[in-house]
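Subject: Structure for your review

Dear colleague,

I am passing on the structure we spoke about, and below it you will find my notes on what turned up. Please read them alongside the sequence and the coordinates.

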Amino acid sequence: MSLSPAVRIYQDNLDAVSKALMEGDLREMMRHIAIPNMMSTHDTEIVMSSPEELDMVMSDFRTQLMGRGVETYTRTCLEADFVAGRDDMIAGRHRTETKGANGVAVNPYLNHMVLMRIDGSWMGIWIQAILANTELEILSPDIAAAHAEARRLLDTIRR
């Protein structure tokens, strides 16, 4: 069975970012992730507004994975399609699985992601892991706390 263009594009992005993450290659990651970029879990949300923030978040996440013994990090597209009326945006869903020396290192989890074609390249603009950040600390707790405080201050100012 051949993959639809949207699924193929989505999977290509997943593969490239996963490889760059595991290799700690920010430059390669930047070829596939747009800035600003939103990342969220059930209980945390951050917007990375610079390559430096992306590097910090991804380095923290990679450290978390390595600390749990992850040797392989695989993300598989379950479904993806072009957003209605847009040929430059794809929304989809994928499953993240990890393996270590003793088998599964982190329980598999689902994600939603949106890609956008920017300057001819498909870039991730938003991703949500369908779990609580406290389960895996996908998002750096320090950065997430700083973003939450900034939002709280903005809400206070707006009143």
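Which element gives the most to the lining of the largest cavity? Strand S7 does, with six residues. Please bear in mind throughout that this is a predicted model.

The cavity

The search returned one cavity of 30 Å³ or more, and the space inside the largest cavity comes to about 260 Å³. Its lining is made up of 24 residues, and those nearest the centre are Met39, Met58, Tyr73, Arg75 and Ile127. Two or more lining residues come from each of helix H1 (5-23), strand S1 (33-40), helix H3 (51-67), strand S3 (72-82), strand S4 (89-100), strand S6 (109-118) and strand S7 (121-129). Sorted by class, the lining consists of 14 nonpolar residues, nine polar residues and one charged residue.

Strand pairing around S1

Strand S1 pairs with S7 in the parallel sense through four bridges, and within this pairing isoleucine 33 has glycine 124 of S7 as its bridge partner. S1 also pairs with strand S2 (residues 45-48), in this case antiparallel and again over four bridges, with methionine 38 standing opposite valine 47 of S2. The two strands S1 and S2 make a hairpin, with four residues between them.

Salt bridges

The count of salt bridges comes to six, and I describe three of them here, beginning with the one between arginine 31 and glutamate 28, whose closest N and O atoms are 3.0 Å apart. Arginine 31 is exposed, at 51% relative accessible area, whereas glutamate 28, at 25%, counts as partly exposed.

A salt bridge also links the side chains of arginine 93 and glutamate 79, at 2.8 Å from N to O. Because arginine 93 lies in strand S4 and glutamate 79 in strand S3, this pair ties together parts that are 14 residues apart in sequence. Both partners are partly exposed, arginine 93 with a relative accessible area of 26% and glutamate 79 with one of 43%.

In the salt bridge between aspartate 88 and arginine 86, the N to O distance is 2.9 Å. Aspartate 88 has a relative accessibility of 18% and therefore counts as buried, since the cut-off for that class is under 20%, while arginine 86 is partly exposed at 33%.

With best regards

How values were computed:
Residues numbered from 1 in each chain as written. Predicted model: local features only at pLDDT ≥ 70, side-chain atom pairs only at ≥ 80, totals over all residues. Heavy atoms only, no water. 1 Å grid on protein atoms, 1.4 Å probe; cavity = no way out; pocket = protein on both sides within 12 Å on 5 of 7 lines; lining within 4 Å. Points joined across faces, edges and corners; volume = space filled by probe spheres on them. Nonpolar A, V, L, I, M, F, W, Y, C, P; charged D, E, K, R; others polar. Pairing = 2+ DSSP bridges. Salt bridge = Lys/Arg side-chain N within 4 Å of Asp/Glu carboxyl O. Buried < 20%, exposed > 50% of the residue type's maximum accessible area, 1.4 Å probe, protein only.
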